[in-house]
Amino acid sequence: MKRASTLAAVIGLSLALAACGGKGDDKLGEQAQEAAENKADKMDAMADNMSGTAEDLMQAKADATREAGDAREEAIDDADVNAAALTPAERAKVINGN
C-alpha cells in the first residue's frame, strides 16, 4: 500500500513538472503581457485627456493593445521558448513583439 501511494505521488509530481515546461517561457510570456498592459494604461491616461471620437479611438487602441499582449503571452508559452538561452536583446524583442 505504501509503495502504491509513493508511486502515485511520483507520477503526480512528474505530471506537474512536465506541465510547467521549466524553460522560463511562462515568465517571459508574463513580461510580454505586462509590457502591453503598461502601454495600454498609458493610452487610457491619454484618452482621459481627450473627448469624443479621439477618446473612443484611443480607448479602442488600448483595448487592442491589451488583447495583443494576451495573445503574445499565449504564443510565447505555446512556442515553449527557452528563455534562458536568449540574450537580453533577444528577450526584449520577444517581450516587445519585435
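## Reading the helix angles

Helix axes here are lines fitted to C-alpha atoms over the stretch in contact, and angles run from 0 to 180 degrees between N-to-C directions. Contact means heavy atoms within 4.5 Å. This is a predicted model, where local features need pLDDT of at least 70, side-chain atom pairs count only at pLDDT 80 or more, and totals for chains, interfaces and linings use all residues. Residues are numbered from 1 along each chain as its sequence is written, and side-chain values use heavy atoms, with hydrogens and water left out.

## The chain as a whole

Let's start with the overall plan. The chain has four helices and zero strands, giving the pattern α-α-α-α along the sequence. Helices (H or I, at least four residues) and strands (E, at least two) are DSSP runs, numbered from the N terminus. Of the 98 residues, 19% count as buried; buried means under 20% relative accessible area, exposed over 50%, and partly exposed in between (1.4 Å probe, protein chains only).

## How confident is the model?

The predictor's confidence in each residue is its pLDDT, from 0 to 100. The chain averages 82, with 77% of its residues at 70 or more. Confidence is lowest in helix α1 (residues 2–20), at a mean of 44, and highest in helix α3 (residues 52–79), at 96. Over residues 3–18 the pLDDT is below 50, and this stretch has zero contacts in the model beyond near neighbours in sequence.

## Two helices side by side

Now look at α2 and α3, which pack at an angle of about 180° with their axes 8 Å apart.

The buried residues of α2 include Leu28, Gly29, Ala32 and Ala36. An α-helix has 3.6 residues a turn, so residues three or four places apart point the same way.

## A closer look at α3

Buried residues of α3 include Met58, Ala62 and Ile76, and the buried residues of this helix pack against α2 and α4 (88–96). Aspartate 70 also lies in α3; at 33% relative accessibility, aspartate 70 counts as partly exposed. Aspartate 70 and glycine 29 are 41 residues apart in sequence, yet 8.6 Å apart in space, C-alpha to C-alpha. Just after α3, aspartate 80 takes a positive phi of about 55°.
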